[in-house]
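My notes are below the display.

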Amino acid sequence: MTLVRAKKHLGQHFLTDKNIASKIVDSLRPEGKYKQVLEVGPGMGILSDFLLQKPDYETYLIDIDTESTIYLKKKYPQLGDRLLNADFLELDFKATFGDSLAVIGNFPYNISSQILFKILDNRRQVPEVVGMFQKEVAERCASKPGSKEYGILSVFLQAYYKVEYLFTVKAGVFNPPPKVLSAVIRLTRNENQELGCDEKLFWQVVKAGFNQRRKTLRNAVSSLINKEKMTDNQTLDLRAERLSVADFVKLTNEIAANR
């Protein structure tokens, strides 16, 4: 079969190392939590080869690249309707899948944050994610309060998932090689079905805090707080990067109570 061309505008860097591909797939831990796995951006199927050998779940593939989809249809005729030529960011999870599914992939680096926010939007249906990201993004996802990498994505992901940085991947195992290092992380859904606060307000507080991260929270979230009632709140004298998820939940509740 004719090989698929990696397309720059789609952020494609095809993994070529089968040992790393196997290691990524083996990082999934179904353990009865899900029966379906969706691979995003399979390219020429180096992860798919290993996914389709696993009896613990049913594998689906989704790729926006028509050339890749045509190639994969020839390679895996048994997939049938489980091979989707579509945009993952536009996918209706509830209409396509059962109660729960895992997401895996060598994700396109140019839309990696959008992919993670799509997963967050469907967090009740996605108990686990294993993915390859640009190393900088992977570090941001797993970073802890107080670090320069800690930000909006860190807080939102860690509010709902346990985030594990699994391993670093060098550029030489991709075609074409990216200009950055890569890394694989695993997200495992935590027990928080609800955060214990107004979640819409929580998202507003976190975004406002980090959008002006050099300012104290008192200034960064000034449009959301009642300044007269929260004069003595010492948390507001900190910068957003100092607060844990629990701290942001507590602050959200205090803001809601003093409006």
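The entries below follow the order in which I looked things up.

**Ground rules.** I am working with a predicted model, in which local features need pLDDT of at least 70, side-chain atom pairs count only at pLDDT 80 or more, and totals for chains, interfaces and linings use all residues. Residues are numbered from 1 along each chain as its sequence is written, and side-chain values use heavy atoms, with hydrogens and water left out.

**Helix α8.** I took helices and strands as DSSP runs numbered from the N terminus (helices H or I, at least four residues; strands E, at least two). At the N-terminal end I found a cap: a side-chain oxygen of Asp 198 lies 3.1 Å from the backbone nitrogen of Lys 200.

I then listed the buried residues of α8, among them Leu 201, Trp 203, Val 205 and Phe 210. Buried means under 20% relative accessible area, exposed over 50%, and partly exposed in between (1.4 Å probe, protein chains only). The cover over these buried residues includes α5 (112-121), α7 (152-160), α9 (217-220) and α10 (245-257).

**α7 against α8.** How do α7 and α8 pack? I read an angle of about 150° and axes 9 Å apart. That makes α7 roughly antiparallel to α8, since angles over 145 degrees count as such, under 35 as roughly parallel, 65 to 115 as roughly perpendicular and the rest as oblique. Axes here are lines fitted to C-alpha atoms, for helices over the stretch in contact, with angles from 0 to 180 degrees between N-to-C directions. From α7 the contact uses Ile 152, Val 155, Phe 156, Ala 159 and Tyr 160, while the α8 side includes Phe 202, Trp 203 and Val 206. Contact means heavy atoms within 4.5 Å.

Pro 42 sits in the loop between β2 (36-40) and α2 (46-51). I noted Pro 42 as buried because its relative accessible area is 5%. Pro 42 and Asp 63 are 21 residues apart in sequence and 6.5 Å apart in space, C-alpha to C-alpha. Leaving out residues up to four places away in sequence, Pro 42 touches Ser 48, Leu 61, Ile 62, Asp 63 and Leu 72.

Asp 63 also came up when I looked at Ser 68, which touches Val 4, Gly 43 and Asp 63 under that sequence limit of four places. Ser 68 is in helix α3 (residues 66-75) and is buried, with a relative accessible area of 0%.

I looked up two residues here. Is Ser 27 buried or exposed? At 9% relative accessibility, Ser 27 counts as buried. Its side chain reaches the backbone oxygen of Lys 23 at 2.9 Å. Glu 31, in this loop too, counts as exposed at 68%. Glu 31 has a positive phi of about 40° although it is not a glycine.

**Other loops.** Asp 81 lies in the loop between α3 and β4 (83-84) and is exposed, with a relative accessible area of 72%. The peptide bond from Asn 175 to Pro 176 is cis, with omega near -10°. I placed Pro 176 in the loop between β8 (174-175) and β9 (182-189).

Technical notes
A polar contact is a pair of N or O atoms within 3.5 Å; within protein, one must be able to donate a hydrogen and the other to accept it, and residues adjacent in sequence count only if both atoms are side-chain atoms.
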